[in-house]
Amino acid sequence: DVVLRDVDRAAIDRGIAHATRTGERQVAKGRASADDLAAALARIAPAEDDDALAGCAVAIEVVPEDIEIKRGVFVRLDAALPPGALIASNTS
């Protein structure tokens, strides 16, 4: 299961749309079934607040390459995630 967390609902919707398009390409190529795609999409939980992260074992931040933004995200993740959770950075 995946929690897709963002401060902007439009960004969440774009992420789900991207996952849908990617899955549809896999279905078209015969690499997955429509049922597989539906099941995968059903496991994405959109969230606009940090409370949704309380049960997550892994968080991957994907924010702009601005150290102050990243620091703020790491502070919020540290407060929201359970002890022992892994925090990864998507840094270019």
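Is aspartate 13 buried, partly exposed or exposed, and what is its relative accessible area?

Author: This is a predicted model. In it, aspartate 13 is partly exposed, with a relative accessible area of 37%. That value falls in the class between buried, under 20%, and exposed, over 50%.

The side chain of aspartate 13 meets that of arginine 9 in a salt bridge, with N to O at 2.9 Å. Both residues belong to helix α1, which covers residues 9-28. They are four residues apart there, so about one helical turn separates them. Arginine 9 is partly exposed as well, at 35% relative accessible area.

A search of the whole structure finds six salt bridges, and the pair above is one of the bridges described here. In general terms, side chains of opposite charge can pair when their charged atoms come close.

Another pair lies in helix α3, where glutamate 68 forms a salt bridge with arginine 71. The closest N and O atoms of glutamate 68 and arginine 71 are 2.8 Å apart. The two residues are three apart in the helix, about one turn. Glutamate 68 counts as exposed at 51% relative accessibility, while arginine 71 is partly exposed at 48%.

A further bridge joins the side chains of arginine 76 and aspartate 50, at 3.0 Å from N to O. Arginine 76 is in helix α3 and aspartate 50 is in the loop between β2 and β3, so this pair ties together parts that are 26 residues apart in sequence. Arginine 76 counts as partly exposed, with 39% relative accessibility.

Aspartate 50 also has a polar contact of 2.9 Å with the side chain of arginine 5. Arg5, Asp50 and Arg76 are linked in a network of salt bridges. With neighbours within four places in sequence left aside, aspartate 50 is in contact with Arg5, Arg76 and Ala80.

Nonpolar side chains tend to be buried together in soluble globular proteins.

Together with Val58, Ile60 and Val62, Leu86 makes a nonpolar surface patch of about 410 Å². Isoleucine 60 is found in strand β3, residues 58-61, and is exposed, with a relative accessible area of 60%.

As for the whole chain, there are three helices and four strands, in the order β-α-α-β-β-α-β along the sequence. Buried residues make up 16% of the 92 residues. The chain exposes about 6300 Å², and carbon and sulfur atoms supply 57% of that area. Of the contacts between residues at least 6 apart in sequence, 63% join residues at least 24 apart. The C-alpha atoms fill a box of roughly 40 × 25 × 20 Å along the principal axes.

Terms used:
Residues numbered from 1 in each chain as written. Predicted model: local features only at pLDDT ≥ 70, side-chain atom pairs only at ≥ 80, totals over all residues. Heavy atoms only, no water. Patch = residues over 30% accessible without salt bridge, like charges linked within 9 Å, V, L, I, M, F, W, Y side chains within 5 Å. Areas by Shrake-Rupley, 256 points an atom, 1.4 Å probe, with all protein chains shown as cover. Salt bridge = Lys/Arg side-chain N within 4 Å of Asp/Glu carboxyl O. Buried < 20%, exposed > 50% of the residue type's maximum accessible area, 1.4 Å probe, protein only. Polar contact = N/O pair within 3.5 Å; in protein donor to acceptor, adjacent residues only side chain to side chain. Contact = heavy atoms within 4.5 Å.
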